[in-house]
Amino acid sequence: MSGLLAHGVLAGLDEINETGQDAQRGGYSRHVWQGPDLELRAWFIERAERIGLAVETDRNGNIWAWWGTPGPDAVVTGSHLDSVPGGGAYDGPLGVVSALDAIARLQATGVTPSRPCAILVFAEEEGSRFGIACLGSRLMTGTLDADRARALVDPDGVTLAEAAAHAGIDPAHLGTDRDALNRIGLFVELHIEQGRGLIDLGHPVAVASSILAHGRWRLTMTGQGNHAGATLMTDRRDPMVAAARAVLAVQEAASARPGTRATVGRMNIIPCGTNVIPSRVEAWLDARAETDEETRALVSEITAGVDAAVAENGCAVSIVEESWAGSVHFDPELRDRFSAALHGVPTLPTGAGHDAGVLAASVPSAMLFVRNPTGISHSPEEFASAEDCMAGIDALEKLLRTLL
């Protein structure tokens, strides 16, 4: 067991500690099929083969590491390796490292699986490069159209099709993968908790109950680009001011609806010159609520507020939905079975989206959460103690033992 720890953290996390460090933002920036992500994918393949797993990459860039002969009704676990810009060390990699360690421990105690078992590493869970979260699982399940996916463009103007080809994945083969999906008998994803539920409960591990409905919308505000010194304040149609008021409208709408969440975390200012009044501002809205209806109502209210705020500045706005995921309730039988097997650990909802949530519509799926004592995620301050990480591995190992 001591071999799973290094420098006070899981040994696997220690091995990738320097990969994708972001000197400007802090934390890690690991985006699909770019340098750090490719390094992590190679690291995972080497680590999996080291414990005798057979590795393959599917048509959508998801990596499978099989313990035993691949086949139907498989017990599958895993998570993702990519990150948000400047993200923490645990979101995604903790689930991958824990899966590797749990299987290694089962092997060390002489377990021979009675059914197929695999670790699955999904591509582009965060959506940080191409704007759509859970890209690999959405493509696999057919909830994202392959032609739309191939045409997605990253901030550098590279299409997803070009990026996939660069990574050795044939873009013509992207899309629904029933063969892969039909091999999954059930899926369980271990993940650091993204919130304070386990802090308040005083417990290191929980089973997930549900995921909030959530989506992303692109707001494009257009005005009149002009000279910062030669244009009187009364003569301006400044989309940056319109954008600022739109952000306040987002804040006001979500604050008026308890339990809902709305965030503008990214903007693109064109042409982005210090002495230039912008001609266009793009902003991205993330909105979430417990139900689909509540989320749609929130976005409708935000849209009305943004329209009014932008018109006040003589500008125009278009609002386009880029992604949508309805609320998810994990398989109740699997959830209750896991909770009982782990001696009645608590069940918790989450406001964060996950690949397990995408798979839940197609196969029985569940999640384990590991306590985050900061309550902070998508930030360098994200953290889980070595003791709690070990409790997560213990829990995952126990579940796999009962399933195999």
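Is Asp22 buried or exposed? In this predicted model, Asp22 turns out to be buried, with a relative accessible area of 12%, a value that falls under the 20% cut-off. Its partner is Arg25, and the two form a salt bridge whose closest N and O atoms sit 2.6 Å apart. Side chains of opposite charge can pair when their charged atoms come close. Across the model, the count of such salt bridges comes to 19.

Take Arg115 and Asp73, whose side chains meet at 2.9 Å, N to O. Arg115 lies in the loop between helix 3 (93-108) and strand 6, while Asp73 lies in the loop between strand 4 (63-67) and strand 5 (74-80), so the pair ties together parts 42 residues apart in sequence. Asp73 is partly exposed, with a relative accessible area of 43%.

Then there is the salt bridge between Arg218 and Glu322, at 2.6 Å from N to O. Here strand 9 (residues 213-222) supplies Arg218 and strand 14 (residues 316-325) supplies Glu322, so this pair ties together parts 104 residues apart in sequence. Arg218 is partly exposed at 25% relative accessible area, whereas Glu322, at 15%, counts as buried. Elsewhere, Arg105, Asp394, Glu397 and Arg401 are linked in a network of salt bridges.

Back in strand 6 (residues 117-122) sits Ala118, which counts as buried because its relative accessibility is 0%. Leaving aside residues up to four places away in sequence, Ala118 touches Trp64, Ala65, Trp66, Val75, Val76 and Thr77.

Definitions and conventions: Residues numbered from 1 in each chain as written. Predicted model: local features only at pLDDT ≥ 70, side-chain atom pairs only at ≥ 80, totals over all residues. Heavy atoms only, no water. Helix = DSSP H or I, 4+ residues; strand = E, 2+ residues; numbered from the N terminus. Buried < 20%, exposed > 50% of the residue type's maximum accessible area, 1.4 Å probe, protein only. Contact = heavy atoms within 4.5 Å. Salt bridge = Lys/Arg side-chain N within 4 Å of Asp/Glu carboxyl O.
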